[in-house]
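Please follow the strands and helices of the structure shown here.

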Amino acid sequence: MPFVFLMLCLAIVLGWFLYNASEDATGLLARNALVSLTTRVNQETEWQLKSAEQALNVLAPEFDGAVTGAGAASLPFPKTATQLEERLWLATYVIPDDYGNVYFGAADGSFMGIKQINRTHFRLNKRDLRTGKLRIFLSKGPGTPTVLSGMDNFDPRTRPWYLNAMQKEKALWSPIYTDFRSKSLAITFSKPVYEEGRFIGVAGSSINLTQVDQKLKLLPINKSGVVFIMEPSGVLIAASSGEAASLNEQEHLERLPADSSSNPAIRTVSAVVLQAAHASSKDEALTAIREVSVDHAKWAVAVNRLHDQHGLEWLVVAAVPRLDFLGSVTGSVLPALIFGLLSVILTFFLGFLILRWVLRDIRKLTLAAKSIGNGEPFPLLNIDRRDEIGQLAQSFKDMEHNLRTDRLTSVLNRDSLAAQIDFRRRSASAVNPLQFALLFIDLDKFKEINDRYGHDEGDRVLVETAANLQRAVRKEDAVARFGGDEFVIYLHGVQSEAIAASIVSKIHGFLAQPITGRECVLYQVDASIGAALFPQDGLDIETLLRVADERMFAVKRSKK
C-alpha cells in the first residue's frame, strides 16, 4: 500500500507538472499572438489615417505645422480654380480606400472639394460666391464631363474643421462625427494654409471609418474573440462585432459607449482597459493584460495605444478566451494522467522518457511563441503528432501563416516584412553590418485590367505578378505585398545603386512576360520601381519606404 500510494502521488505530480507547463506555454502564446494582432490593427488603422495627412500634403505640400501665423513659410499653393481642382484630384487618389473626401475652404468663402463615392464615381463640390450656394456635380474622374446633381446652403467658414484649424493655427484631427449622408462614422484632418505669411484658407480631408470596421471583421480571430477600437472616453470607434454606432428611432446615427455594447466581452474588457489607461500616462505603452474574467471565464487581453502629435488618441484592444488557446491541451490532461499512472506503475524509467517527450514539444511551442513576439523568423517545430498537442502545433502554424502572409498572393504582408527587417537589424553587429535595399513597386496598367475584365482577373494578375517577383529574386531576399497593386522587395546585402538598378532591370524582364487570363486573353503589365538603400537613404523602415515611394512616383511621372 505505501508503494502504491507513492506511485499514485508521483502520477499526480506528473500530471500537475504537465498541466502547468502547458498552461504557461499557451498563456505565453495567447499574449504574444494578441500583442501581434493589436500591433497589426494599430499599423493598418494608422496607415488609413496617414492617407488623410498625405492627401493634404499633396494639396499643400510645404506646410509645416510648427510654423504658423505670420511667420509661416510660403506655400506653392494653386493660384487658380483650375489649378486647385487639379491638385484636389491628385490628393483624392492618395487615399487608398473608397469614401475619401478632400477639400479646401478659402478665407473669402469660396470652396472646392472632391468626395469619392466609389472607385469610379466622384462628387465635385464648388461654392458660387455670387449666390452663396454650393453646387454639387457628379463626375467619373478628372477630365470627364460633370453633371449638376443639386445645390445646398454651405459656407466653409462656419464649419468646425475650418474654425478649429484657423483658430489654433496648426494641423489637427477633428472629433469623430456622424456623416449624415452615408450614415457612418467619419473623422477629418484639417490644417490652415498660408501664402507669404497671409492666411488664405483651410484644407481638409475626411476619412470614413467604415473601412476600419470592415478590416476588423476580416482579422484572423475566432468567433468568440473580439477586436475593437475606442476613445479614452470609452466610446467605440470600430469593432469586429460591427456595433460601433446605431440608428435611433429618428434614424440618426448615435455613438455607442463600450459599456452599452451587446457583447459582454466588450463591456467587461473595456472597463478594465480604461482603468489601466487612465492610470498610465499617454506616452506609456500598454502591454498584454494577463487575464480578465468575462462571465466566469478567463480571457487574454492586449491593448495598444494609437496616438500622434495632431491630437489623435485611440485604444486598440484584442480579447480572446484562454480556452481557445488552452482547450486542446486541457483536453489531454486526463488521458495524460491515466497514461502517466500506468507508465509509472509499469516502469518509472518509461514514464520519465514519456515526460521528456511531451515537454520537448511544449518547449518548442514556447520558443515559437517567443519568436513571434520578438519578430524573429518562425522556427521549424518538427512536431509530428496526431494528438491534441499536434493539433495545437498545426493551429499555431496556421495562425502564424495568416498573420505573416498576404492571403491572395501568398507573399509576405507589410507587417511581416517590417518585423523581419527589424530582426535583421537587431541581429547585425559592427563585425557583420546590415546592408540592404528596398524596392517599391507599383504596377502600370493594372487598373485598366481590373476595370475592363473584373476583379477576378485583376486578382489573377496580382497572383502571377507576385510569383514572377519571387522568381526574380534570391532566396535570401523577400517579396511583400504592400497593398492594392503595390509590392515591396527586400534585397539583402545590396549596397550600391548600380546593383539595385541591375536587379530592377531583371525584375522588368520577369514582369514583361505576358499573363494568360480568362479565355486565353494575354495581359501585359509593367511596373514603376523606386529603390532606397540602407543606411544611405535612411535608418528606419518608414524613411526608406518613403524615399523608395517618391522615386517610384518620379519614374511613373517620367513615363507619363
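In helix H10, Asp-415, Ser-416, Leu-417 and Ile-421 are buried, where buried means under 20% relative accessible area, exposed over 50% and partly exposed in between, with a 1.4 Å probe and protein chains only. Helices (H or I, at least four residues) and strands (E, at least two) are DSSP runs, numbered from the N terminus. The model is predicted, so local features need pLDDT of at least 70 and side-chain atom pairs count only at pLDDT 80 or more, while totals for chains, interfaces and linings use all residues. Residues are numbered from 1 along each chain as its sequence is written, and side-chain values use heavy atoms, with hydrogens and water left out.

H10 covers residues 414-427, and at 1.5 Å a residue its 14 residues should span 20 Å; the end C-alpha atoms are 20 Å apart, which agrees. The expected span here is 1.5 Å times one less than the number of residues.

Five strands form an open sheet with mixed pairing, in the order E17-E19-E20-E18-E23; two strands pair if DSSP finds at least two bridges between them. Strand E17 (412-413) and strand E23 (526-534) are at the edges with a single partner strand each, so one side of each has no neighbour in the sheet. E23 runs antiparallel to strand E18 (residues 436-444), and nine bridges join them.

Is E20 mostly covered or mostly open? Six of the seven residues of E20 are buried, which makes it mostly covered. On E20 there are also five antiparallel bridges to E19, and Gly-483 has Glu-486 in E20 as its bridge partner. E19 and E20 form a hairpin with two residues between them, and Gly-484 in the turn has a positive phi of about 60°.

Two helices lie against these strands. Helix H14 (residues 541-559) lies across E18, E19, E20 and E23, and runs at about 145° to E23. Helix H11 (residues 446-453) packs with helix H12 (residues 455-472) at an angle of about 145°, their axes being 6 Å apart. Axes are lines fitted to C-alpha atoms, for helices over the stretch in contact, and angles run from 0 to 180 degrees between N-to-C directions. In H11, Phe-446, Ile-449, Asn-450 and Tyr-453 meet His-455, Glu-457, Gly-458, Val-461 and Leu-462 of H12, contact meaning heavy atoms within 4.5 Å.

Elsewhere, strand E3 (residues 122-128) is mostly covered, with six of its seven residues buried. E3 pairs with strand E2 (residues 111-116) in the antiparallel sense over five bridges, and the two form a hairpin with five residues between them. Gln-116 stands opposite Phe-122 in E3. Seven bridges join E3 to strand E4 (residues 133-139), also antiparallel.
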